[in-house]
Amino acid sequence: MTASGSAGSGVPHLDVDPFDMTFFADPYPAHELLREAGPVVYLDKWKVYGVARYAEVHAVLNDPATFCSSRGVGLSDFKKETPWRPPSLILEADPPAHTRTRAVLSKVLSPTVMKQVRDRFAAAAEERVDALLEQRSFDAITDLAEAYPLSIFPDALGLKPEGREHLIPYASVVFNAFGPPNQLRQQAIKRSAPHQAYVAEQCQRENLAPGGFGACIHAQVDEGAITASEAPLLVRSLLSAGLDTTVNGIGAAVYCLARFPDQWQRLREDLTLARGAFEEAVRFESPVQTFFRTTTREVELSGARIGEGEKVLMFLAAANRDPRRWDDPDAYDITRRTSGHVGFGSGIHMCVGQLVARLEGEVMLTALARRIAKIEITGEPKRRFNNTLRGLDSLPVTITPA
Amino acid sequence: MPAIIFIHADGKPDRVETSGGESAMQAATRHGVDGILAECGGNAMCATCHVYVDESWLARLPAIADDEDALLDGTAAERRPNSRLSCQITITSELDGLVLRLPDRQV
Ligand code: HEM
Ligand code: FES
């Protein structure tokens with residue numbers, strides 16, 4: 001193998017395309033190849049560095065001064081290309097700008113706020129299970145993984161009832177857009193205008209119901225924490241990252257529990273394992289598969305020299321199954337110590353909505369396990385293809401009441 | 001490098017070497033100390049890294065920030081006057097030998 005001008009010597013070059021349909025269909029052999037090739041690799045197809053081992057992914061996530069987010073967390077370098085939409089004020093920002101906006105969203109999605117919404121989220125989970133028990137046979141993606149977050153999250157944000165059908169398509173554009181200019185990304189952006197228009201409108205203060213997460217963000221303007229023009233963009237972050245992610249997270253958990261009946265049995269015997277079962281599903285399936293960073297200077301990472309202004313692709317999913325870090329990484333074990341997994345990221349950008357995600361996952365799995373004895377997969381699961389998100393399009397199941 | 005001591009709820013001590021500028025939580029999770037969950041990875045969002053600081057060390061720690069104070073009200077085990085979040089305690093050489101007691105539960 002030879003090193004090209006942009007990649008330092010000693011860094012293995014691979015011709016893997018991690019945004020290709022065949023990769024998405026079964027990423028695990030390729031993840032192993034990426035991990036075993038070396039601590040840092042170079043992907044010729046998109047001219048980016050890649051890290052797939054836990055130690056290097058963790059190191060990149062925790063050095064935001066060197067591996068920055070303000071030049072975009074997708075392939076596109078905001079210093080060289082105009083972003084497809086105005087950049088996020090939190091995800092695509094570096095300290096000190098990030099520190100300020102992050103504090104606002106942390107406050108809006110704090111443990112105290114979770115206590116206030118918990119009963120509502122739990123009651124909606126019970127209602128969903130009521131409906132599923134009537135149906136007996138259903139699609140666990142549409143009727144459960146999508147239906148449940150859709151029944152609570154838009155209300156929690158304070159969105160109007162009209163136009164909510166734009167939410168999942170908008171998120172799908174956002175997560176496709178982090179990828180390279182392949183067909184998934186180009187088509188998503190081409191069709192995004194109506195979704196973008198809807199989202200821009202809903203982010204305005206007058207369209208957000210009092211008491212919701214959206215109104216709480218706007219209230220921070222009155223506190224002087226953010227400006228009136230920043231508030232709508234921070235609401236947009238919740239619209240982009242708060243729904244489709246939990247759809248795929250809950251979908252992952254149900255898919256795991258349906259495939260591994262022994263783990264389902266353990267959960268039924270001890271409902272306090274519900275939070276751990278969700279967390280382990282986030283590690284095991286990694287609904288958010290990848291994010292990029294851009295180097296702010298020349299840097300040496302585990303012996304590899306990376307120049308300034310290079311994109312580095314972090315394989316969160318591969319790190320979450322790195323045998324160097326995890327015992328029996330390919331086993332779904334709801335009692336595993338999952339602390340330190342990078343399914344929600346790590347460091348200063350670690351998911352600010354993690355408490356919302358965990359709350360939804362915990363109350364949904366608790367309701368399912370309390371009232372359902374068995375979940376059987378009754379048809380071929382169909383995959384949904386996205387440049388960043390991993391999840392199913394359809395999962396036909398039949399349930400047996402407890 | 002400074003070392004700190006975690007005392008488990010059952011009284012068993014665990015001595016942990018820290019490395020440059022890390023928090024007590026990071027040192028604990030790096031060494032797999034049971035009893036520190038640290039769900040949020042040190043972002044002061046989860047309160048699952050709760051510890052009781054040995055009384056003799058209390059005065060030597062930096063003051064509690066507002067967000068830490070609010071979170072401590074939501075710990076799983078009872079909040080006491082010596083309760084802290086271990087992710088908010090950066091270990092410096094002055095804290096060599098710090099003793100932190102672990103609560104019986106974090107969730
Ligand atoms: C299972 C569900 C979820 C997963 C797997 C997930 C995953 C992630 C990951 C990996 C990051 C780190 C991005 C980076 O380092 O560049 C992140 C950040 C973020 N997430 Fe989530 N997320 C989930 C749910 C949510 C929810 C429910 C919300 C909102 C209510 C949300 C809002 C955000 C925001 C605003 C950021 C940017 C934070 C920052 O840059 O400081 N996420 N998420
Ligand atoms: S690790 Fe979450 S608050 Fe300390």
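Let's start with strand β9 of chain A, which covers residues 311-315 and is mostly covered, with five of its five residues buried. Keep in mind as you look around that this is a predicted model.

- Strand β3 of chain A (residues 48-51) runs parallel to β9(A), and three bridges join the two.
- Strand β6 of chain A (residues 290-295) runs antiparallel to β9(A), and here five bridges do the joining.
- On that pairing, look for A:R293, which has A:V312 as its bridge partner in β9(A).

**The iron site**

- Which residue is the only protein donor of the iron atom of ligand 1? That's A:C351, through its SG atom, at 2.3 Å.
- To find A:C351, go to the loop of chain A between α15 (316-319) and α16 (354-371).

**Where chain A meets chain B**

- On the chain A side, 16 residues are in contact with 13 residues of chain B.
- The size of an interface is often given as the accessible area lost when the parts come together.
- For chain A and chain B, the buried area is about 1100 Å², and carbon and sulfur atoms give 45% of it.
- In chain A, A:P111, A:R337 and A:S339 lose the most area to chain B, together making up 38% of what that side buries.
- The rule finds three salt bridges across this interface.
- Take a look at B:E39 and A:R275, whose side chains meet in a salt bridge at 3.0 Å, N to O.
- Between chain A and chain B, six residue pairs are in polar contact, counting pairs with both residues at pLDDT 80 or more.
- Three elements of chain A give two or more residues to the side that touches chain B: α4 (97-108), α5 (111-135) and α16.
- Of the chain A elements, α16(A) gives the most to that side, with three residues.

- A:R71 is found in the loop between β4 (67-68) and α4 of chain A.
- Is A:R71 buried or exposed? With a relative accessible area of 10%, A:R71 is buried, because that is under 20%.
- A:I168 has its place in helix α7 of chain A (residues 167-177), and A:I168 counts as buried at 16% relative accessibility.
- Setting aside neighbours within four places in sequence, A:I168 is in contact with A:E146, A:L150, A:L243, A:D244 and A:V247.
- A:I168 and A:I334 are 166 residues apart in sequence, and their C-alpha atoms are 29 Å apart in space.
- A:Q265 lies in helix α13 of chain A (residues 261-269), and A:Q265 counts as partly exposed at 33% relative accessibility.
- From A:Q265 to A:A369 there are 104 residues in sequence but 8.6 Å in space, C-alpha to C-alpha.

Note on methods. Residues numbered from 1 in each chain as written. Chains lettered and ligands numbered in written order. Predicted model: local features only at pLDDT ≥ 70, side-chain atom pairs only at ≥ 80, totals over all residues. Heavy atoms only, no water. Donors = N, O, S within 2.8 Å, 3.2 Å for Na, K, Ca; no water. Helix = DSSP H or I, 4+ residues; strand = E, 2+ residues; numbered from the N terminus. Buried < 20%, exposed > 50% of the residue type's maximum accessible area, 1.4 Å probe, protein only. Pairing = 2+ DSSP bridges. Contact = heavy atoms within 4.5 Å. Buried area = accessible area lost by both parts, 1.4 Å probe. Salt bridge = Lys/Arg side-chain N within 4 Å of Asp/Glu carboxyl O. Polar contact = N/O pair within 3.5 Å; in protein donor to acceptor, adjacent residues only side chain to side chain.
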